[in-house]
Amino acid sequence: MPRPTARVLTLLELLQSGGVRTVAELADRLDVDERTVRRYVQHLIDLDVPVESVRGRYGGYRLGSGYRMPPLMLGDDEALAVLLGLVAGQRAGLMTSTGAASETAAAKVRRVLPGRLGRRLDAVLDSLAFTAGPGESSTPETTVLLPIADAVRHHRPVSIRYAAADGRRSERTLHPYGLVAHSGKWYVTGADPAIGEDRTFRLDRIADARILPGSFVPPAGIDPAERVLSGLATAPYRHEVTLRIQGTAEQIRTRLPAGLAILEELPSASGADAAAGPWFRVELRVERLDWLPGVLAALDRPFVIERPDELRARVAALAARLANSARPLGDSGSHP
């Protein structure tokens with residue numbers, strides 16, 4: 001059972017998140033009665049913490065303006081870095097699903113800043129615009145993320161309860177190599193000793209994570225990010241696509257990133273063809289083909305379709321539409 005001192009500190013933390021907190025709400029969060037809440041508030045007042053009482057139907061307690069947390073000292077650059085980091089993290093899907101955690105954290109930081117600096121930072125955040133909207137994200141529970149991170153750091157096995165995309169549920173043991181955040185989702189990759197293979201799991205589909213006794217030795221030179229991207233690129237989808245594309249790996253990756261396609265450089269040819277650059281075999285699995293012709297056209301590199309035939313037909317249809325649109329005005333059938 002938490003000691004009174006711990007509950008008083010929890011009360012201060014709740015008040016620091018901003019707004020008016022009712023006595024009933026505070027009693028519920030602290031797991032005490034309302035009389036005890038009032039006693040804890042008096043403890044804070046005795047410590048010169050400016051807790052204000054708000055009367056009325058929606059009354060309660062709030063933290064008075066001007067309160068400072070002495071241990072937190074931020075310069076202009078540091079404060080801006082913290083607040084912009086919270087904004088960027090929320091848009092990138094790097095926040096955990098603990099409600100409005102980023103908003104309450106920003107409110108606490110904002111509260112302890114001097115008025116001059118706070119107004120300048122507000123001006124930055126109010127005038128900031130993004131060229132792209134926030135991406136779709138699937139955030140993990142803190143109760144899942146933290147024990148898995150601890151297991152990764154200390155090389156401990158972890159038991160997880162997992163729900164696959166098709167709804168199948170299972171409980172398994174994992175030797176986790178690392179955590180990876182990719183495209184608004186969190187993943188853990190590691191070895192499944194029951195099947196003797198490496199596996200990757202989405203954290204938002206893990207219902208429970210529990211560290212087990214013992215330890216394991218991860219493989220030398222393991223790269224969790226590369227394993228997650230390779231796993232995504234080879235995941236089973238409706239269409240298996242194989243291409244040959246001429247160009248550098250950097251040029252190809254601009255349109256076909258590692259999480260989507262696997263690249264294999266082919267043996268170099270001789271003569272004029274070699275001077276034009278190397279050829280790569282590109283393999284990817286996709287659910288739909290309709291977007292691929294446009295991506296291949298945007299690459300602006302020579303390519304050959306090995307499979308499937310349906311993609312070849314779609315590329316030919318796009319080429320015909322583009323050729324038709326490029327005809328001069330007045331040509332028969334080219335324009336309405």
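Modeller: Happy to! Let's start with a term we need throughout: a residue is buried at under 20% relative accessible area, exposed at over 50%, and partly exposed in between, using a 1.4 Å probe and protein chains only. Please keep in mind that this is a predicted model, in which local features need pLDDT of at least 70 and side-chain atom pairs count only at pLDDT 80 or more, while totals for chains, interfaces and linings use all residues. Residues are numbered from 1 along each chain as its sequence is written, and side-chain values use heavy atoms, with hydrogens and water left out.

Now to the salt bridges, each being a side-chain nitrogen of Lys or Arg within 4 Å of a carboxyl oxygen of Asp or Glu. The count by this rule is 12. One of them joins Arg172 to Asp192, with 3.7 Å between the closest N and O atoms. This pair ties together distant parts of the chain, 20 residues apart: Arg172 lies in strand S4 (residues 169–182) and Asp192 in strand S5 (residues 185–192). Strands here are DSSP runs of E with at least two residues, helices are runs of H or I with at least four, and both are numbered from the N terminus. Asp192 is buried, because its relative accessibility is 4%, whereas Arg172 counts as partly exposed at 21%.

Next, please turn to helix H12 (residues 309–325), where Asp309 and Arg312 sit three residues apart, so about one helical turn separates them. Their salt bridge brings the closest N and O atoms to 2.6 Å. Asp309 is exposed at 57% relative accessibility, while Arg312, at 35%, is partly exposed. In H12 you will also find Glu310 and Arg314, four residues apart and again separated by about one helical turn. Their side chains form a salt bridge with an N to O distance of 3.5 Å. Both partners are partly exposed, Arg314 at 34% and Glu310 at 38%. Elsewhere, salt bridges with shared partners connect Glu240, Arg285 and Arg307 in one network.

That leaves the strand pairing, which calls for at least two DSSP bridges between two strands. Strand S10 (residues 279–286) runs antiparallel to S8 (residues 239–246), and eight bridges join them. S10 also pairs with S9 (residues 261–265), in the antiparallel sense, over five bridges. A handy landmark is Phe280 in S10: it stands opposite Ile245 and also opposite Glu265.
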